[in-house]
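Opening the notebook on a new model today. I'll jot down what I look up as I go.

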Amino acid sequence: MRLFRRKISAFSNKKFKIEIPVHSAEPGKHDLIAGCPGSFAQTMAGIHHLLETGVEVGIRIVVSRLNYQELNSIIQFIHQEFPAVRYINIMGMEVLGNAWKNREIVWIEMDELKFYLQSALEESFRCGIEPGLYNFPLCLFDRKYWYCYKNSISDYKIRYLRSHASHSSSSHSSHGSHSNHNSHSSGSHSSGGSSHSSGSNTTATVKLPKMQTPQSTPSMQ
């Protein structure tokens with residue numbers, strides 16, 4: 001670890017930052033989602049070492065059925081454990097890897113998330129942490145939270161319903177805020193049966209093939 005700190009410190013005086021996922025404030029839950037025993041302890045040590053070398057660190061929280069009800073406690077934990085962290089990114093899940101295989105365990109519909117996501121934004125404000133929203137449909141949030149939203153979806157991942165196709169070009173260029181659950185989230189994968197996304201007046205739908213869920217430990221890695 002000391003060798004790593006010496007190497008990474010060479011970047012600390014440059015415009016350089018690292019974003020690291022924290023899945024839960026509970027070590028066991030974090031390790032379960034990460035699919036790696038001991039991941040929580042290693043993650044905490046790594047974040048502390050980076051901050052000590054002067055590297056800017058951001059935290060990513062990937063939302064799933066396994067942690068959506070504890071978003072506030074994760075944010076409170078980050079604020080207490082890492083007071084130097086100034087921003088977090090709350091991420092919609094990516095439908096890839098083990099998370100796809102375990103989608104019946106980790107997937108949660110968007111309409112179940114609104115209360116918890118908006119509550120998490122308010123908790124971030126109270127803690128003095130700047131929140132960012134990635135990979136969620138913009139229409140899920142009250143308008144006052146839209147400025148937290150980040151345009152993070154590649155065009156090829158967005159598909160419009162036929163009835164809205166005529167609006168897609170103008171809406172995409174004016175709002176730049178379309179999303180679905182296929183977006184990449186660093187070091188964190190997840191799943192769903194179908195995903196919906198919209199800006200202010202468009203709707204996007206992605207149909208995913210049905211797959212059998214293996215009886216294995218859920219993982220977002």
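Which residues of helix H4 (residues 71-81) are buried? I get Leu 71, Ile 74, Ile 75, Phe 77 and Ile 78. Buried here means under 20% relative accessible area, exposed is over 50%, and partly exposed lies in between (1.4 Å probe, protein chains only). Helices (H or I, at least four residues) and strands (E, at least two) are DSSP runs, numbered from the N terminus.

Ground rules before I go on. This is a predicted model, so I note that local features need pLDDT of at least 70 and side-chain atom pairs count only at pLDDT 80 or more, while totals for chains, interfaces and linings use all residues. Residues are numbered from 1 along each chain as its sequence is written, and side-chain values use heavy atoms, with hydrogens and water left out.

**Entry: H4, continued**

I looked down the axis of H4: its buried residues fall within an arc of 160 degrees, so they line one face of the helix. The arc is taken from the directions that run from the helix axis to the C-beta atoms. An α-helix has 3.6 residues a turn, so residues three or four places apart point the same way. Next I checked what covers the buried residues of H4, and the cover includes helix H3 (39-52), strand S2 (56-62), strand S3 (87-91) and helix H7 (114-127). Contact means heavy atoms within 4.5 Å.

**Entry: H2**

Gly 35 follows H2 with a positive phi, near 75 degrees.

**Entry: the sheet**

I find an open sheet of 4 strands in the order S1-S2-S3-S4, with parallel pairing. Two strands pair if DSSP finds at least two bridges between them. Strand S1 (17-21) and strand S4 (130-134) are the edge strands, each pairing on one side only. Neighbouring strands of this sheet are turned by 25 degrees against each other on average, direction ignored. Axes are lines fitted to C-alpha atoms, for helices over the stretch in contact, and angles run from 0 to 180 degrees between N-to-C directions.

I zoomed in on S3 and S4: they run parallel and are joined by 5 bridges. Tyr 87 has Glu 130 in S4 as its bridge partner. H3 lies across S1 and S2, and runs at about 165 degrees to S1.

**Entry: the core**

Which residues have the most contacts inside the largest nonpolar core? They are Ile 59, Ile 90, Leu 117 and Phe 136, in a core of 41 residues. A nonpolar core is a set of buried Ala, Val, Leu, Ile, Met, Phe, Trp, Tyr and Cys residues joined through side-chain atoms within 4.5 Å. H3, S2, H4, S3 and H7 each supply at least two residues of this core, and H4 gives the most, with 5 residues.

I listed what Ile 59 touches, not counting residues up to four places away in sequence: Ile 20, Val 22, Ile 47, Ile 78, Val 85, Tyr 87, Ile 88 and Asn 89. Ser 124 is buried, with a relative accessible area of 0%. Leaving aside its neighbours within four places in sequence, Ser 124 is in contact with Ile 75, Ile 88, Ile 129 and Pro 131.

**Entry: aromatic rings**

How many aromatic pairs turn up in a search of the whole structure? I count 5. Rings of Phe, Tyr and Trp (its six-membered ring) pair if their centres lie within 6.5 Å; planes under 30 degrees apart count as stacked, over 60 as edge-to-face and the rest as tilted. Phe 77 and Phe 82 are an edge-to-face pair, 6.5 Å centre to centre with 85 degrees between the planes. Phe 77 counts as buried at 17% relative accessibility, and Phe 82 at 1%. Phe 136 and Phe 141 are another edge-to-face pair, at 6.0 Å centre to centre and 80 degrees between the planes. Phe 40, Phe 77 and Phe 82 form one aromatic cluster.

Asn 135 sits in the loop between S4 and H8. Phi of Asn 135 is near 70 degrees, a positive value in a residue other than glycine, and Asn 135 is buried at 0% relative accessible area. Ser 152 is in the loop between S4 and helix H8 (165-175), but is partly exposed at 28%. The C-alpha atoms of Ser 152 and Phe 136 are separated by 9.6 Å, with the two residues 16 apart along the chain.
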